[in-house]
Every structure is written in structure tokens, then in C-alpha cells.
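Here is a short briefing on one protein chain.

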Amino acid sequence: MKEMLEIMIKNLVENPNEVQITENSKENAITYEVKVAEADMGKVIGRQGRIAKSIRTVAKAIAAKEDKKVNIEFVG
């Protein structure tokens with residue numbers, strides 16, 4: 001899942017080398033903290049949060065197949 005998230009986000013930003021994804025696991029839930037360059041934050045979030053919402057939707061669909069819960073936080 002982390003690899004999929006990394007590929008999606010790196011294709012959105014202008015500085016793919018600055019993308020950092022941290023994974024925190026607890027029992028049935030996984031939290032990913034996504035850190036990108038400040039200049040790229042708007043591209044990852046999108047207008048009215050549409051791109052961020054789409055990323056979360058795809059991640060939740062994959063996690064549902066594995067009976068897990070996923071939370072994605074975008075950190076500036």
C-alpha cells in the first residue's frame with residue numbers, strides 16, 4: 001500500500017525526491033503521514049481537497065480488501 005501511495009503522489013508533484021511517507025500501524029488501522037515540499041502541497045491537496053479525497057478513497061478501497069482501516073494525513 002505504501003508503494004502505491006508513493007507512486008501516486010510522486011507523479012503529482014514537481015519535487016518527487018522530497019516526498020516522505022511515514023507508516024504507523026496499530027492493530028487494525030494504519031496511518032500514513034505524507035510530507036511533500038511546501039510548493040507541492042497545493043498539488044497534492046487539489047482544489048477544495050478533491051485530489052486528497054481521491055487518494056484517500058483509493059487507499060481505503062485497497063485496505064478494505066485486507067480488512068484494515070487506513071488514514072492518510074498530509075503534513076506540510
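Among contacts in the protein chain between residues at least 6 apart in sequence, what percentage join residues at least 24 apart? The figure is 54%, with contact meaning heavy atoms within 4.5 Å. The model is predicted: local features need pLDDT of at least 70, side-chain atom pairs count only at pLDDT 80 or more, and totals for chains, interfaces and linings use all residues. Residues are numbered from 1 along each chain as its sequence is written, and side-chain values use heavy atoms, leaving out hydrogens and water.

**Overall fold**
- The protein chain has three helices and three strands. These are DSSP runs numbered from the N terminus (helices: H or I, at least four residues; strands: E, at least two).
- From the N terminus on, the order is α-β-β-α-α-β.

**Size and burial**
- The C-alpha trace spans about 35 × 20 × 20 Å along its principal axes.
- Of the 76 residues, 30% are buried (under 20% relative accessible area, 1.4 Å probe, protein chains only).

**Helix pair α1 and α3**
- The axes of α1 (residues 2-12) and α3 (residues 50-65) come within 11 Å and cross at roughly 160 degrees. Axes are lines fitted to C-alpha atoms over the stretch in contact, and angles run from 0 to 180 degrees between N-to-C directions.
- That makes α1 roughly antiparallel to α3 (angles over 145 degrees).
- Met4, Leu5, Met8, Ile9 and Leu12 of α1 make the contact with Ile51, Ile55, Val58, Ala59 and Ile62 of α3.

Key
Angles under 35 degrees count as roughly parallel, over 145 as roughly antiparallel, 65 to 115 as roughly perpendicular and the rest as oblique. Buried means under 20% relative accessible area, exposed over 50%, partly exposed in between (1.4 Å probe, protein chains only).
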